[in-house]
Amino acid sequence: MNFAEVLTKDFLLTYEGRINRQRYWAFVLVYVALAVVAGILDSIIGSEIGIVGVLLALALLYPSVCVSIKRWHDRDKSGWWVLIGLIPLIGAIWTLVECGILKGTEGQNRFGPDPLASA
């Protein structure tokens, strides 16, 4: 997997299909790196409300939801499971375990072919 594969339109802007843990974590790491850069820029320009960080969060809201839904699909669960992240603490832990740690369904499931089978 290269950086160009991570930033494809199908990966970031659609919620159909499945992605494996590697692509999920690649997106998370890029998001965190951008958030750090946004924080640095906010401190340089002296923004008290963190306007660069807010703009980044708004710009990446839809792609983040799409990536998360695809990861839930790989676990053979509905994309609606992304809403569990709204539950304080428990939702974050559950999402970390399900999406970040556990393997996806082997073989095809109702959301599409195994992303590792084509790799």
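**Entry 1. Cover over helix 5**

I looked up what lies over the buried residues of helix 5 in this predicted model; the cover includes helix 3 and helix 4 (51-74). The buried residues of helix 5 are Gly 91, Thr 95, Glu 98, Cys 99 and Gly 100. I noted that they cover an arc of only 160° around the axis, and they therefore sit on the same side of helix 5. A general point bears on this: an α-helix has 3.6 residues a turn, so residues three or four places apart point the same way.

I then checked the length of helix 5 (residues 90-101). Its 12 residues should span 16 Å at 1.5 Å a residue, and I found its end C-alpha atoms 15 Å apart, which agrees.

**Entry 2. Helix 3 against helix 5**

I examined the packing of helix 3 on helix 5 and recorded an angle of about 125°, with the axes 9 Å apart. Helix 3 is therefore oblique to helix 5. On the helix 3 side, the contact is made by Arg 21, Tyr 24 and Trp 25. On the helix 5 side, I listed Thr 95, Leu 96, Cys 99, Gly 100 and Ile 101.

**Entry 3. Helix 3 against helix 4**

For helix 3 and helix 4, I found that the axes come within 10 Å and cross at roughly 175°. That angle is over 145 degrees, so helix 3 is roughly antiparallel to helix 4. The residues of helix 3 in this contact include Arg 21, Tyr 24, Phe 27, Tyr 31 and Leu 34. Those of helix 4 include Leu 60, Pro 63, Ser 64, Val 67, Ser 68 and Arg 71.

**Entry 4. Tyr 24**

I followed Tyr 24 next, a residue of helix 3 (residues 21-45). Is Tyr 24 buried or exposed? Its relative accessible area is 11%, so Tyr 24 is buried. Leaving aside neighbours within four places in sequence, I found Tyr 24 in contact with Ile 19, Val 67, Ser 68, Arg 71, Thr 95, Cys 99 and Gly 100. I also looked up the pair Tyr 24 and Ser 64: they are 40 residues apart in sequence, and their C-alpha atoms are 9.8 Å apart in space.

**Entry 5. Thr 95**

Thr 95 belongs to helix 5. I recorded 17% relative accessibility for Thr 95, which is under the 20% limit, so Thr 95 counts as buried. Not counting residues up to four places away in sequence, Thr 95 touches Tyr 24, Trp 72, Ile 84, Gly 85 and Gly 100.

**Entry 6. Cysteines**

I asked how many disulfides the chain holds. The count comes to 0 disulfides. A disulfide is a covalent bond between the sulfur atoms of two cysteines. The cysteine sulfur closest to that of Cys 66 is in Cys 99, 14 Å away, which is too far for a bond; the cut-off for a pair is 2.5 Å. As to burial, I noted 2% relative accessibility for Cys 66, which counts as buried. Cys 99 is also buried, with a relative accessible area of 0%.

**Entry 7. Loop between helix 4 and helix 5**

I turned to the loop between helix 4 and helix 5, where Asp 76 lies. Phi of Asp 76 is near 65°, a positive value in a residue other than glycine. Asp 76 counts as partly exposed, at 31% relative accessibility.

Lys 77 has its place in this loop as well. I found that Lys 77 touches Trp 72, Glu 98, Arg 110 and Phe 111, not counting residues up to four places away in sequence. Lys 77 and Ile 90 are 13 residues apart along the chain, and 18 Å separates their C-alpha atoms.

Leu 89 is also in the loop between helix 4 and helix 5. I recorded a positive phi of about 60° for Leu 89, although it is not a glycine. Leu 89 counts as exposed, at 64% relative accessibility.

**Entry 8. The chain as a whole**

Lastly, I looked up the totals. The chain has 5 helices and 0 strands, and its pattern along the sequence is α-α-α-α-α. Its C-alpha atoms fill a box of roughly 50 × 35 × 20 Å, taken along the principal axes. Of the 119 residues in the chain, 32% are buried. Among contacts between residues at least 6 apart in sequence, I noted that 66% join residues at least 24 apart.

Key:
Residues numbered from 1 in each chain as written. Predicted model: local features only at pLDDT ≥ 70, side-chain atom pairs only at ≥ 80, totals over all residues. Heavy atoms only, no water. Helix = DSSP H or I, 4+ residues; strand = E, 2+ residues; numbered from the N terminus. Buried < 20%, exposed > 50% of the residue type's maximum accessible area, 1.4 Å probe, protein only. Contact = heavy atoms within 4.5 Å. Expected span 1.5 Å × (residues − 1). Arc of directions from axis to C-beta. Axes fitted to C-alpha atoms, helices over the stretch in contact; angles between N-to-C directions. Parallel < 35°, antiparallel > 145°, perpendicular 65-115°, else oblique.
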